[in-house]
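The following exercises are intended for a reader who has the sequence and the three-dimensional structure at hand.

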Amino acid sequence: MMFRRGFILFLPRLVGLLVVACCSMSIVYMLACTPKGDNQQLALPRVHGPTVKEAYEAILQEREEQQRNYIISLKKQIAQLEAELQGRTEELKNMQKQYPDSLDIQLDHSKPEKAQANLLAFLRSQVDKAEVHSGVKLSTEYAAVPFESFTLQKVYQLETGLTRHPEEKPVRKDKRDELIEVIELAVGSLNKPDGVSKAKPRVYTGSDFVEGIYRTEKNKGTLYELTFKGDAKHQFKKIVLFRPFGPVMKVKNENVNMADTLINVIVPLAKRASKFRQFMQNFREMGIQQDGRIHLTVVYFGKEQMNEVKSILENTSKSANFKNFTFIQLNEEFSRGKGLDVGARFWKGNNVVLFFCDVDIYFTAEFLNSCRLNTEPGKKVFYPVLFSQYNPSIIYGHHDSIPSLEQQLIIKKETGFWRDFGFGMTCQYRSDFINIGGFDLDIKGWGGEDVHLYRKYLHSNLMVIRTPVRGLFHLWHEKQCLDELTPEQYKMCMQSKAMNEASHGQLGMLVFKQEIETHLHRQKLSSKKT
């Protein structure tokens, strides 16, 4: 009885609590489920506003509109993705049509051996496509991909831009790591036993590395040619490597013996006896004394100053005990192309390396080795990019005296520039020069004949090695702009003269010389007053 009476008394309280709980849950549900607008949550229907039914109909209508806009946006994105996918598919089809012989790499992980074989075959096909084993025909002189050269410490590069220098340390980590990897791989390849010789093999190190050249064909890979010291004097080891957008692959490992490779230096000349005397000093030191495997052919035009030139040549011959020279005299107007062509064809000995040179050129013994190493009959010709010297009077104008010529030959941004627009200095075997047809003898005077010959080589199947070299310099000499020139020609001549005089910064200092001196004078007066 007591339990039943207590329950009857508690029942109204329980019903009241349940009603309050249900109301609370309804309010929470309405707050949570009410749709939101763009910036704020939609409010509950007001007491004095529209009816509850009309309010919820408005809310549902707005919600449906948002959903429709969202669906339209998704459809647009899907259409854009489909169009992009269609475009990529068309590009892939075009590439397959363009390269029908390309390998279809199937990297099936269930068959790793087949996948590895397919990948290796593709990488080797990249070597065949690249200009590694032979040259390809090129349309213009600008189509050739130039090499860049490097040693253990420095990189010699053509594309300097505004922040790079013609000669600098490989400061970029990727370039430094790349060159170190290539040199280490080449050293490892040289030290790998060949399995034939029983003699104790020589151990090569990085100190045996002489120089290297490299270039990248953007859609194929990077070609490296590295030269190491050989087992005897004038002998070298050459390693050719290729990076086909993947691991470096050894292409060639061969012995290169240059002990008997003669270079015939051909110099066309008219007058300029004082310049020839300076040239012969360089030729005697580098060509005769240090190299020793060299011949000189001088093709002289006219008779003015001829006896003085012959005297310089004979005195050098006697003092250095040097007999390997030829003097050819032509009684006609000077033509650089004609002189070089006559000198090349005059040679009657075995096939020889021809170095077409000018009297205002300075070369080192290291360059002569580069000339030999980068030429191969029927395969390669060498077009070095020389370093052109600025006017020493401007460069060293703030010094007490101008340094000696040897001290001036420094590859720096302030001392000169890579003469990448010049094609006159070149090394090739005589057989290649004769087979290509030689110079165009209709071109008179200076200029034009070198580009014409360069284009002939580019249009052939010979590989053209184009790279800046650290041992070949164009010595500064004053450029004369004649009064007979038209105003436009005279302006172009003066612009060319300015480019050869000094760097932009040095020319700027000359332009603002008076302003700078005025500033220094004011500073001096100001310091005296204080």
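The structure is a predicted model, in which local features need pLDDT of at least 70, side-chain atom pairs count only at pLDDT 80 or more, and totals for chains, interfaces and linings use all residues. Residues are numbered from 1 along each chain as its sequence is written, and side-chain values use heavy atoms, with hydrogens and water left out.

**Exercise 1. The chain as a whole**

Task: State how many helices and strands the protein chain has, and what percentage of its residues is buried.

Solution. Step 1: Helices (H or I, at least four residues) and strands (E, at least two) are taken as DSSP runs, numbered from the N terminus. On this basis the protein chain has 15 helices and 16 strands.

Step 1: A residue is buried under 20% relative accessible area, exposed over 50%, and partly exposed in between (1.4 Å probe, protein chains only). Of the 530 residues in the protein chain, 39% are buried.

Step 2: A contact requires heavy atoms within 4.5 Å. Among contacts in the protein chain with a separation of 6 or more, 70% come from residues 24 or more positions apart.

**Exercise 2. The cysteines**

Solution. Step 1: Apply the criterion for a disulfide, a pair of cysteine sulfur atoms within 2.5 Å.

Step 1: Locate the partners. C371 lies in helix α8 and C427 in strand β15 (residues 426–429), so that the pair, 56 residues apart, links distant parts of the chain. Both C371 and C427 are buried.

Step 2: Assign the handedness. The angle about the S-S bond is -120°, and the link of C371 and C427 is left-handed.

Step 3: Consider C357. C357 is buried, with a relative accessible area of 0%.

**Exercise 3. Helices α5 and α8**

Task: Describe how the axes of α5 and α8 cross, and which residues meet.

Solution. Step 1: Two packed helices are described by the angle between their axes and the distance between the axes. Axes are lines fitted to C-alpha atoms, for helices over the stretch in contact, and angles run from 0 to 180 degrees between N-to-C directions.

Step 1: The axes of α5 (residues 273–291) and α8 (residues 365–373) come within 9 Å and cross at roughly 70°. Angles under 35 degrees count as roughly parallel, over 145 as roughly antiparallel, 65 to 115 as roughly perpendicular and the rest as oblique. The two helices α5 and α8 are therefore roughly perpendicular.

Step 2: From α5, M286, G287, Q290 and D291 meet A365, L368 and R372 of α8. The residues of this contact divide into three nonpolar (Ala, Val, Leu, Ile, Met, Phe, Trp, Tyr, Cys and Pro), two charged (Asp, Glu, Lys and Arg) and two polar (the others, Gly among them).

**Exercise 4. Strand β11 and its partners**

Task: Identify the sense in which β11 pairs with β8 and with β15.

Solution. Step 1: Two strands pair if DSSP finds at least two bridges between them.

Step 1: β8 (residues 263–269) and β11 pair in the parallel sense over four bridges, with I266 opposite F356.

Step 2: β11 and β15 pair in the antiparallel sense over four bridges, and here F356 stands opposite T426.

Step 3: In β11 (residues 353–356), V353 and F355 point one way and L354 and F356 the other way; all are buried.

**Exercise 5. The open sheet**

Task: Give the strand order of the seven-stranded open sheet, and explain why one side of β3 and of β7 is left without a neighbour in the sheet.

Solution. Step 1: The order is β3-β2-β1-β4-β5-β6-β7, with antiparallel pairing.

Step 1: β3 (167–168) and β7 (249–257) stand at the edges, each with a single partner strand, so one side of each has no neighbour in the sheet.

Step 2: β6 (residues 235–243) and β7 pair in the antiparallel sense over eight bridges, and F236 stands opposite V256 in β7.

Step 3: Helix α3 (residues 112–129) packs on the sheet and touches β6 and β7, its direction making about 45° with that of β7.
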